[in-house]
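Please go through this report with the model open beside it.

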Amino acid sequence: MDRRALHIHLLGGFLLVDNGVPVVTLRAPRLQALLSLLVIKRATPLPRQHLAFCLWPGSSEAQAQTNLRNLLHQIRQLLPHADDYLLLNGRTVQWRNESPFTVDIASFEQAICQAEQALRHGDHRTAQTCFEAAIRCYRGDLLLDCYDEWILPERERLRQIFIAALGHLTTLLESQRDYPTAIQHAHHLLQIEPLHEATYLQLMRLHVLDGNRAAAIQIYHVCCERLQHDLVAEPGQPLRDAYMQIMRRGATARLPQAAPLLVGRQREWARLLQCWQSAASGQAQLVVLAGEAGIGKTRLAEELLRWASRQGLSTASAQCPPGEGELIYAPIIAWLRAQPVRSMFATLAPVWLAEIARLLPELHEERPDLPPAGPLSEPWQRQRLFEALRRAVLAAGQPLLLHIDDLQWCDNASLEWLHYMLHDKAPIRLLVISTVRLEEVDASSALADLIVTLRARGHASTIDLMPLDSAETADLAAQVVGHPLTLEQGAAVYRETEGNPLFVVEMLRAGGELQGARTLGGVDELGLPDLVPLPARVQAVIARRLAQLSPLARDLACVAAAIGCVFTFSLLAIACGDLHEDALVRGLDELWKRRIIREHPDGTYDFSHTKLREVAYHEISAARRGQLQRRIAESQEPDEAERQV
């Protein structure tokens, strides 16, 4: 028996393909309807009486049964290898599910199921791929030329699944900042549901994010015309609010300068958007972007700022200067001077402006009538200042995004105000996004206490940024050099940078060559890679991390760098000479807490990044290197002798 596969297409119209050749003999609508009904209900045997009623509801039972017998006879004559696919007996008819066939509705639903499963596991990349596959399967509604009543529920069910898939895919593409493709799918969705206001709202937002304000305005007018023509109705309040927000920005509004495409970070971006939604709904949030220097914390925060600014949302940025918080209220002063906050001072009462003038003395020049602020000697006076600052940043009455860089250097007074703002149970539409090097935050510090307290109340989230994977590193490198990389080149960049975005960008800009599979540089006598002379910015970032260590920990880092890529506690103790064990443990613990080194399950250690080791190694004088190498060699000689015996 020939078991050639039969491909059945029911979405958008009926089509059979047998072994790559379309079957043109089954042209009669009743033949196609019967075959389609059997395929759709293929999981169960269908009574002949039921089939006859579905296909000929207006005929007598005897006539309908006769018509069915005739149709089954024709199918057996016209369908290639019909007995492979049909199971007939005197009472039922069934499509053989084990037969060699495919049907597009099964492929469609399987892709949808895989996409939803990927979404549940947070795998957005796989979800996008599966949704795209499902949409390709859906060439149109089920059996467009069939008007029987039995097809209507199944047609509508599949149509709603398709609409939901389009919506999911559009949202996924928006979350990945692929606005042009998301706009295409949103327009497709409007073709199917031209009265769905939520899609118009999303499409307006997508055009704004894509930098096309005129297109967003046009979409609003199209929506108004459609609703007026079909429903004699006006757009809902969310659409009108979005339109007014776009118009308030003005035709000459300056959009944030486009930045290079943000590579990777899909999960982190999705979490940021979730935090923003919570904040916009009234649950104030502090988001802590944590990770080592150069990992991309500021870049991710800036992406959110651009995203918000393009939609006309109020944003303000500040940076905490180093110096152990000596400049009090520095980030708050920067926020107050930002245009979205500063422009709302006119709505504040003089009593609150007088308090704000403590931090902004220039207000007295603009408003000589302001009463002088008294001393801050009592707790209630400080609380009044905090309340004035609170009213100032929330005066706009719309969701506000505040950005603060290097929160680990923030002064305690500003941290106390943040706690005052964010712990409030009243609805506040505020998101504070911060970048922090957690390795520089002491567990007993005011910042650590703030994060723990707010997290316990559901007002704080920490997003740890990890290095890029090999594929993402290659994508970033290609963006820097302006052309795709070969697999060997991508692997070489990843090997040298270990996925740190700053290292990728700076080392390639410094002149690293990508030539085939060979490494990007030489290797020194200790096996340290030498891509190009370490770029000044990378050198400075690493040197600053090492400079913040205690003298003991910094010396241990240099000794460990001389030992090699992997070292043990005992070998480190030998290389350090007479250093007491307690001091050695304290130094190692500090290096681990500062994320300079990593500890492995087998008891060995290595540096968290090879460039840390490289910088630490080159801080050792030549004489010290020789001393350390002799100690290391002497400690290994007995083991070598034992192996030879």
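## Cysteines

Cys-146 counts as buried, at 8% relative accessibility. Buried means under 20% relative accessible area, exposed means over 50%, and partly exposed lies in between (1.4 Å probe, protein chains only). The model is predicted: local features need pLDDT of at least 70, side-chain atom pairs count only at pLDDT 80 or more, and totals for chains, interfaces and linings use all residues. Residues are numbered from 1 along each chain as its sequence is written, and side-chain values use heavy atoms, with hydrogens and water left out.

Cys-275 is in no disulfide either. For Cys-275, the nearest cysteine sulfur is that of Cys-410, 19 Å away. Cys-275 is also buried, with a relative accessible area of 8%. The structure holds 0 disulfides, a disulfide being a pair of cysteine sulfur atoms within 2.5 Å.

## Nonpolar cores

In soluble globular proteins, nonpolar side chains tend to be buried together. A nonpolar core here is a set of buried Ala, Val, Leu, Ile, Met, Phe, Trp, Tyr and Cys residues joined through side-chain atoms within 4.5 Å. The largest one has 106 residues. Leu-10, Leu-79, Trp-95 and Trp-150 have the most contacts inside it. Helix α7 (residues 151-175) gives this core its largest share, 9 residues. Helices (H or I, at least four residues) and strands (E, at least two) are DSSP runs, numbered from the N terminus.

Which residues does Trp-150 touch? Leaving out residues up to four places away in sequence, they are Ala-33, Ser-36, Leu-37, Ile-40, Cys-54, Leu-55 and Leu-143. Contact means heavy atoms within 4.5 Å. Another core, of 53 residues, lies apart from the largest one. Among its residues are Leu-353, Leu-415, Val-432 and Val-441.

## A sheet of strands

An open sheet is formed by 3 strands, in the order β4-β6-β5, with antiparallel pairing. Two strands pair if DSSP finds at least two bridges between them. β4 (46-47) and β5 (86-88) are the edge strands, and each pairs on one side only.

β5 and β6 (residues 92-95) run antiparallel and are joined by 3 bridges. Leu-87 has Gln-94 in β6 as its bridge partner.

## Aromatic rings

Rings of Phe, Tyr and Trp (its six-membered ring) pair if their centres lie within 6.5 Å; planes under 30 degrees apart count as stacked, over 60 as edge-to-face and the rest as tilted. The count comes to 11 aromatic pairs. Tyr-220 and Tyr-243 are stacked, because their ring centres are 4.1 Å apart and their planes are at 10 degrees. Tyr-220 lies in helix α10 (residues 213-231) and Tyr-243 in helix α11 (residues 237-249), so the pair ties together parts 23 residues apart in sequence. Tyr-220 is buried, at 9% relative accessible area. Tyr-243 is buried too, at 16%.

Trp-335 and Trp-417 form a tilted pair, 6.4 Å centre to centre with 50 degrees between the planes. Trp-335 is in helix α14 (residues 330-337) and Trp-417 in helix α19 (residues 412-422), so this pair ties together parts 82 residues apart in sequence. Trp-335 is buried at 1% relative accessibility, and Trp-417 is buried at 0%. Tyr-85, Trp-95 and Phe-101 form one aromatic cluster.
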